[in-house]
Amino acid sequence: MSALKLPKDVVADPRHDALVRLLSTHAGLLWERGRSQVATLPMTDALAAELRGALAAGHACQGLELIGERLASEQKGLDALNQKTPDSPQNARVSRILFLANDGSERFYRDCDALLSHYPQRLLACRLEISGEALGQALFGSAKMVRSVLVVDKKVGARALLALLPPA
């Protein structure tokens, strides 16, 4: 996790080092034979508020299939841009944050691990200590099952990451 370049708004924030420590000290594999390190952290009220706002504003999407399609579509655009301007290297910085419930199946976490392996420079995931049903309740106020939310806006993603920190 230390090789990741976090969003600029996180790097500029005085809580940056605390966030890096939090992410690294709570990191582990998503599943038994996983490849990607993912922090497992408590769901906070601040994060729930950020995710609700992001979903309402269209700065986030939910559902692993839709998330995979969104990341693939964005990658096609990045690849096309890179072919048009090969001398202008892409900035390898985390710009997408994937939040996961903690009650997914092994297959679900394998699929998440595959996304993290396929988009390692721009995707960061956090497993939240909350079930999919409780996450749906926190985000939508109903018993809707939500196991994955992808924040696609850099500024909102930075705020969501900082919302993982315990209140000062």
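Buried means under 20% relative accessible area, exposed means over 50%, and partly exposed lies in between (1.4 Å probe, protein chains only). The views below show a predicted model, in which local features need pLDDT of at least 70, side-chain atom pairs count only at pLDDT 80 or more, and totals for chains, interfaces and linings use all residues. Residues are numbered from 1 along each chain as its sequence is written, and side-chain values use heavy atoms, with hydrogens and water left out.

View 1. Helices (H or I, at least four residues) and strands (E, at least two) are DSSP runs, numbered from the N terminus. Along the sequence, the pattern reads α-α-β-β-α-β-α-β-α-β-α-β-α. The chain has 168 residues, and 43% of them count as buried. Contact means heavy atoms within 4.5 Å. Among contacts in the chain with a separation of 6 or more, 77% come from residues 24 or more positions apart.

**View 2. Ala114 is a residue of helix 5.** Ala114 has a relative accessible area of 36%, so this residue is partly exposed. Ala114 and Arg35 lie 79 residues apart in sequence. Their C-alpha atoms are 8.5 Å apart in space.

**View 3. Asp113 sits in helix 5 (residues 106–118).** Its relative accessible area is 1%, so Asp113 is buried. The side chain of Asp113 makes a polar contact of 2.9 Å with the side chain of Ser36. A polar contact is a pair of N or O atoms within 3.5 Å; within protein, one must be able to donate a hydrogen and the other to accept it, and residues adjacent in sequence count only if both atoms are side-chain atoms. Neighbours within four places in sequence aside, Asp113 is in contact with Leu30, Trp31, Gly34, Arg35 and Ser36.

**View 4. Ser36 lies in the loop between strand 1 (27–29) and strand 2 (37–41).** Ser36 is buried, at 11% relative accessibility. Not counting residues up to four places away in sequence, Ser36 touches Gly28, Leu29, Leu30, Asp113, Leu116 and Ser117.

**View 5. Helix 3 (residues 45–57) crosses helix 6 (residues 132–140) at roughly 70 degrees.** Their axes come within 8 Å. Helix 3 is therefore roughly perpendicular to helix 6. Axes are lines fitted to C-alpha atoms, for helices over the stretch in contact, and angles run from 0 to 180 degrees between N-to-C directions. Angles under 35 degrees count as roughly parallel, over 145 as roughly antiparallel, 65 to 115 as roughly perpendicular and the rest as oblique. The crossing of helix 3 with helix 6 is right-handed. A crossing is left-handed if the near helix is turned anticlockwise from the far one by less than a right angle, and right-handed if clockwise. From helix 3, Ala48, Leu51, Arg52 and Leu55 meet Ala138, Leu139 and Phe140 of helix 6. This contact of helix 3 with helix 6 has 6 nonpolar, no polar and 1 charged residues. Ala, Val, Leu, Ile, Met, Phe, Trp, Tyr, Cys and Pro count as nonpolar, Asp, Glu, Lys and Arg as charged, and the others, Gly among them, as polar.

**View 6. Helix 3 packs on helix 7 (residues 154–162) at an angle of about 160 degrees.** The two axes are 8 Å apart. Helix 3 and helix 7 are therefore roughly antiparallel to each other. Helix 3 passes helix 7 in a left-handed crossing. Leu47, Glu50 and Ala54 of helix 3 meet Val156, Arg159 and Ala160 of helix 7. By class, the contact of helix 3 with helix 7 has 4 nonpolar, no polar and 2 charged residues.
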